Amino acid sequence: MRVYIFKLIAISILFFVFCSSAPDYVPKIRYTPGPGPISSEMDKNDKGTGPITSIKPGPFDTSLAKEGDSILNVKCYSCHALQYSKIGPPLGMVLKEHSPEYVMNMIINPLGMEEKDPHVKFLITRYGSLMPYLSLDSAQARAVVEALRK
Ligand code: HEC
């Protein structure tokens with residue numbers, strides 16, 4: 001009987017450990033197979049469509065990133081999260097997959113990107129939703145990019 005109880009406790013502990021590590025799982029919709037190109041095949045030199053043609057991110061700028069974080073909170077996190085898909089794709093890895101110019105053009109000129117960019121067209125079919133024009137300027141988009149560099 002004692003052995004049985006011991007086994008039961010051991011199994012419960014294992015079960016608990018297993019289950020409590022489960023929330024670490026992060027769904028990555030962007031890597032699942034589907035129609036069109038997947039993000040890992042993106043061309044990092046692609047600058048997208050919009051006013052930004054070339055920026056040179058210098059050393060990480062903490063205060064600019066802070067400004068970007070507050071824009072993300074107010075203007076972006078209703079539809080995006082960093083690590084998982086919401087109404088739109090996760091933003092935590094965008095700078096690993098796209099150039100900063102591409103991300104800034106997406107922020108400033110989503111309608112132009114939706115019309116012209118093949119990857120964004122693919123995202124529209126995948127997410128079944130459009131990113132609206134958010135009336136942000138290039139300085140604000142630059143701040144968001146700094147926040148996403150973290
Ligand atoms: C109303 C919902 C909504 C808001 C608000 C929104 N987005 Fe989006 N976003 C989307 C959707 C949907 C897509 C995918 C379809 C598309 O691009 O239209 C997208 C796509 C993107 C992409 C392309 C991602 C990739 O993997 O290529 C970036 C970058 C992006 N958004 C950044 C932002 C940022 C930064 C903000 C805030 C300044 C923001 N979005 C606000 C809905 C939104």
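User: Which residues does Ala-81 touch, not counting residues up to four places away in sequence?

Analyst: In this predicted model, Ala-81 is placed in the loop between helix 2 and helix 3. Ala-81 has 16 other C-beta atoms within 10 Å and is therefore partly exposed. Not counting residues up to four places away in sequence, the residues that Ala-81 touches are Lys-86 and Pro-90.

User: What distance separates the C-alpha atoms of Ala-81 and Gly-92?

Analyst: Ala-81 belongs to the loop between helix 2 and helix 3. Along the chain, Ala-81 and Gly-92 are 11 residues apart. The separation of their C-alpha atoms is 7.6 Å.

User: Does Gln-83 count as buried or exposed?

Analyst: Gln-83 is found in the loop between helix 2 and helix 3. Because Gln-83 has 11 C-beta neighbours inside 10 Å, Gln-83 counts as exposed.

User: Which elements make up the protein chain from the N terminus on?

Analyst: The protein chain has seven helices and zero strands. From the N terminus on, the order of the elements is α-α-α-α-α-α-α.

User: What share of the contacts in the protein chain with a separation of 6 or more comes from residues 24 or more positions apart?

Analyst: The protein chain has 150 residues, of which 22% count as buried. Among contacts with a separation of 6 or more, the share of residues 24 or more positions apart is 76%.

User: How many residues of helix 4 are buried?

Analyst: The buried residues of helix 4 include Pro-100, Glu-101, Asn-105 and Ile-108. Among the elements that cover the buried residues of helix 4 are helix 3 (94-97), helix 5 and helix 7. Helix 4 is mostly covered, and its count of buried residues is nine of nine.

User: Which residues does Val-103 touch, not counting residues up to four places away in sequence?

Analyst: Val-103 is one of the buried residues of helix 4. Residues up to four places away in sequence not being counted, Val-103 touches Val-94, Leu-95, His-98, Val-145 and Leu-148.

User: Does Asn-109 count as buried or exposed?

Analyst: Asn-109 has its place in the loop between helix 4 and helix 5. Not counting residues up to four places away in sequence, Asn-109 touches Thr-49, Gly-50 and Pro-51. Because 21 C-beta neighbours lie inside 10 Å, Asn-109 counts as buried.

User: What phi does Ser-135 have?

Analyst: Ser-135 lies in the loop between helix 6 and helix 7. With 8 C-beta neighbours inside 10 Å, Ser-135 counts as exposed. Ser-135 is 26 residues from Asn-109 in sequence and 8.8 Å from it in space, C-alpha to C-alpha. Although Ser-135 is not a glycine, its phi is positive, at about 40°.

User: Are helix 2 and helix 7 roughly parallel or roughly perpendicular to each other?

Analyst: The contact involves residues including Leu-64, Ile-71 and Leu-72 of helix 2 and Ala-143, Val-144 and Ala-147 of helix 7. The axes of helix 2 and helix 7 are 7 Å apart, at an angle of about 100°. Angles of 65 to 115 degrees count as roughly perpendicular. Helix 2 and helix 7 are therefore roughly perpendicular.

User: Which helix supplies the largest share of the shell around the ligand?

Analyst: Of the 30 residues around the ligand, those that come nearest are Cys-76, Cys-79, Gly-88, Leu-123 and Met-131. By class, this shell has 21 nonpolar, seven polar and two charged residues. Helix 2 (62-76), helix 4, helix 5 (110-116) and helix 6 each supply at least two residues. The largest share, five residues, comes from helix 6.

Methods: Residues numbered from 1 in each chain as written. Predicted model: local features only at pLDDT ≥ 70, side-chain atom pairs only at ≥ 80, totals over all residues. Contact = placed C-beta atoms within 7 Å. Near = placed C-beta within 6 Å. Helix = DSSP H or I, 4+ residues; strand = E, 2+ residues; numbered from the N terminus. Nonpolar A, V, L, I, M, F, W, Y, C, P; charged D, E, K, R; others polar. Buried ≥ 20, exposed ≤ 12 C-beta atoms within 10 Å, placed from the backbone. Axes fitted to C-alpha atoms, helices over the stretch in contact; angles between N-to-C directions. Parallel < 35°, antiparallel > 145°, perpendicular 65-115°, else oblique.
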